[in-house]
Amino acid sequence: MQQRRSRTKYLPTIGGEIVKWTVGGKGLPAKLLSCANRVLDRLTDEKISKMNGLDFRFSVAPMMDWTDRHCRVFHRALTRKAKLYSEMLTTGAVIRGDRERLLGFDACEHPVALQLGGSSPRDLAESAKIGEDFGYDEINLNVGCPSDRVQDGRFGACLMATPQLVGECVAAMKAKIRVPVTVKCRIGIDDQDPERSLDELARSVVTAGADALIVHARKAWLEGLSPKENRDIPPLDYDRVYRLKAAIPDVTISINGGITSIEEAKAHLQRVDGVMLGRAAYHEPWRLLAVDPELFGASSPHASMHEAIESLFPYIERERARGTRLHAITRHMVGAFHGVPGARAFRRALAENCVKTDAGVEQLREALRLVKSAVAFSSEVETGSREENASKQKKVADAAA
Ligand SMILES: Cc1cc2nc3c(=O)[nH]c(=O)nc-3n(C[C@H](O)[C@H](O)[C@H](O)COP(=O)(O)O)c2cc1C
């Protein structure tokens, strides 16, 4: 019998992971095999990279000190579909730092994007390759951070003033990696005219091959405002982002800044391709339970916040065994039960018991019990389907907030 040719291609899977899929060899009926191989032949590398399962509809923003790997694992227990971003890592740290500690992540986190800070095309290309080799699904360039440290390094938001250089950075990364390269930017800085600054940046990075643009819909004022103030004081201009999308409809545009609920996210999705939530997702993570049912028409991974947190117990035990303190994980859960009965007791338990050096899953279980025993939450919220429960949980919290 003729030996079937075995070929390996990289194909998308639901959830955004790229896997090796071997077609050929034993096991596949001839007709199915030839059909599958015909499909594979039509997939150019470019098409594969475009359709590697990444969905831009909803993402949780990169946030320094907040969206570390433990935070992302927690968020992943609340939504399978959202794209999760790392904290920003500078190219210097990626190239010369302790890579496993800085870049390592849990397999459950996919789809997960690595955000890089830098302005040297060569260093960014090298860092992007390192990130891709670590398994990140997307590499994102930070063109929005206004901190002094970042300005000293001539990257972040100040790159809005040099769109050509940003284009060179994107081109260098694109030449080195197969996963999508995206840019997160502001609409402008200081006295720039946002009509020009955003157009120029977009033109430069799209020409260089950027796969998507995430726009924080306000300027950064580099003189006189702290990074925190720069997230609130410069006025939001969503229309400017909508106009960008209308001008370049074929380019994937995601909007960010001041979006506080999934309802608001839905409204933005009428005008742009994606919505990125930062502080609302972090402070009120229960909102993430509604993301899959409401934005993707899919089941949420867990029927309630309780179940979601309980599903993390094996992860927590593994991490404890590696020496991670419980607090490193539970510090991201402070807002888990915001506004529901028992929430305050839960927060107190996190602050008093889960911070102890030897605290483990048992202390978290105890903290959860405090919420579970609160009448309204347990009887009202946890009796329906996953979608119903997620939506009820949100309503209870909305009403109480
Ligand atoms: C604590 C914190 C850290 C942040 N760190 C980063 C970062 O590393 N990279 C980045 O591009 N933006 C960073 N941001 C900005 C957010 O990604 C986002 O653009 C901003 O908070 C606006 O979105 P929001 O109104 O939904 O929070 C940070 C925001 C916060 C609150």
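Modeller: Five bridges join strand 7 (residues 181-186) to strand 8, and the two run parallel. This is a predicted model. Within the pair, Thr182 stands opposite Ala212 of strand 8.

Take strand 8 next. It covers residues 212-216, and five of its five residues are buried, so the strand is largely enclosed by the rest of the structure. Ala212, Ile214 and His216 point one way. Leu213 and Val215 point the other way. Both sets are buried.

Leu213 and Val215 also belong to the largest nonpolar core, which has 98 residues. They are listed among the residues with the most contacts inside that core, together with Val143, Val170, Val183, Val205 and Leu277. Domain 2 (58-296) and domain 3 (305-400) both give residues to this core, so the core lies between them.

Follow Leu277 out of that list. Leaving aside residues up to four places away in sequence, Leu277 touches Val60, Ala61, Ile259 and Ala265. Ala61 leads on to the ligand: Ala61 is among the closest residues there, with Met63, Met88, Gly278 and Arg279. In total, 23 residues surround the ligand. Strand 4 (83-90) and helix 12 (279-283) are the elements that give two or more residues to this shell. By class, the shell has ten nonpolar, eight polar and five charged residues.

Asp190 lies between strand 7 and helix 9 (194-207). Its phi is near 45°, a positive value in a residue other than glycine. Most residues other than glycine have a negative phi, and most peptide bonds are trans. Asp190 counts as partly exposed, with 16 C-beta neighbours inside 10 Å.

Asp65 also has a positive phi, near 70°. Asp65 sits in the loop between strand 3 (58-60) and helix 3 (69-76). Asp65 is exposed, with 8 other C-beta atoms within 10 Å.

One peptide bond deserves a look too. The bond from His110 to Pro111 is cis, with omega near -5°. Pro111 lies in the loop between helix 5 (99-103) and strand 5 (112-117).

Finally, the wider setting. The protein has 20 helices and ten strands. Buried residues make up 45% of its 401 residues. Among contacts between residues at least 6 apart in sequence, 69% join residues at least 24 apart.

Conventions. Residues are numbered from 1 along each chain as its sequence is written. This is a predicted model: local features need pLDDT of at least 70, side-chain atom pairs count only at pLDDT 80 or more; totals for chains, interfaces and linings use all residues. A residue is near a molecule or strand if its C-beta atom, placed from the backbone, lies within 6 Å of it. Helices (H or I, at least four residues) and strands (E, at least two) are DSSP runs, numbered from the N terminus. Ala, Val, Leu, Ile, Met, Phe, Trp, Tyr, Cys and Pro count as nonpolar, Asp, Glu, Lys and Arg as charged, and the others, Gly among them, as polar. A nonpolar core is a set of buried Ala, Val, Leu, Ile, Met, Phe, Trp, Tyr and Cys residues joined through C-beta atoms within 7 Å. A residue is buried if 20 or more other C-beta atoms lie within 10 Å of its own, exposed if 12 or fewer, and partly exposed in between; C-beta atoms are placed from the backbone. Domain bounds come from an automatic or database domain assignment. Two residues are in contact if their C-beta atoms, placed from the backbone, lie within 7 Å. Two strands pair if DSSP finds at least two bridges between them.
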